[in-house]
Amino acid sequence: MEKYIAIDLGTTSLGIAISDSLGIVHGKENFLFEHGNFKKAKEHLLNILEIENIKNLVVGYPLMISGKEETRCISTKRFIDELLKEKPDLNIFYQDERFSTIEAKERMNDINLKKSKQDKLIDMFSAIIILERFLGEHKNGNSK
């Protein structure tokens with residue numbers, strides 16, 4: 001099975017999860033950057049993609065509850081457009097991320113993670129959920 005990286009992009013953090021060759025999802029990290037410094041986040045992600053030799057990127061797509069796009073969708077697409085300028089061979093898959101933060105909080109509560117740690121890991125846990133959903137929806141070789 002091909003490996004994938006998933007991201008949950010925020011204004012000050014980038015949650016990252018990776019699947020292995022068996023399709024098992026692991027949290028990689030919650031990378032912090034200065035507010036709006038997406039260039040730093042992009043460079044960090046490019047470095048991980050290179051080190052891990054992964055060509056498939058699943059992007060958490062922040063739709064509104066109604067399913068409509070919102071302003072965060074525009075900044076997410078802009079981030080990906082900038083990423084593709086430097087890595088045009090990257091396969092991009094957008095994944096609906098609605099309710100991933102809620103589920104991430106539930107999982108962290110289930111493992112009794114302290115609130116202070118939850119705040120530092122929320123985007124990574126969301127990226128895990130985004131990647132698990134994507135792989136679950138595409139396990140039979142279907143893709144969008």
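I will begin at the surface, where I65, F99 and I102 make a nonpolar patch of about 340 Å². A patch here joins residues with over 30% relative accessible area and no salt bridge, with nonpolar side chains (Val, Leu, Ile, Met, Phe, Trp, Tyr) linked within 5 Å and like charges within 9 Å; a salt bridge is a side-chain nitrogen of Lys or Arg within 4 Å of a carboxyl oxygen of Asp or Glu, and accessible areas come from the Shrake-Rupley method with a 1.4 Å probe, only the protein chains shown counting as cover for residues. I102 itself sits in helix 3, residues 100-110, helices (H or I, at least four residues) and strands (E, at least two) being DSSP runs numbered from the N terminus.

Please keep in mind that this is a predicted model, in which local features need pLDDT of at least 70 and side-chain atom pairs count only at pLDDT 80 or more, while totals for chains, interfaces and linings use all residues. Residues are numbered from 1 along each chain as its sequence is written, and side-chain values use heavy atoms, with hydrogens and water left out.

Turning to strand 1, five of its five residues are buried, so it is largely enclosed by the rest of the structure; buried means under 20% relative accessible area, exposed over 50%, and partly exposed in between. I5, I7 and L9 point one way from this strand, and A6 and D8 the other way. Strand 1 pairs with strand 2 in the antiparallel sense over five bridges, pairing requiring at least two bridges found by DSSP, whereas three bridges join strand 1 to strand 4 in parallel. I7 has a bridge partner in each, namely I16 in strand 2 and V59 in strand 4.

Not counting residues up to four places away in sequence, S126 touches D8, S100, T101 and A104, where contact means heavy atoms within 4.5 Å.

Technical notes:
Buried < 20%, exposed > 50% of the residue type's maximum accessible area, 1.4 Å probe, protein only.
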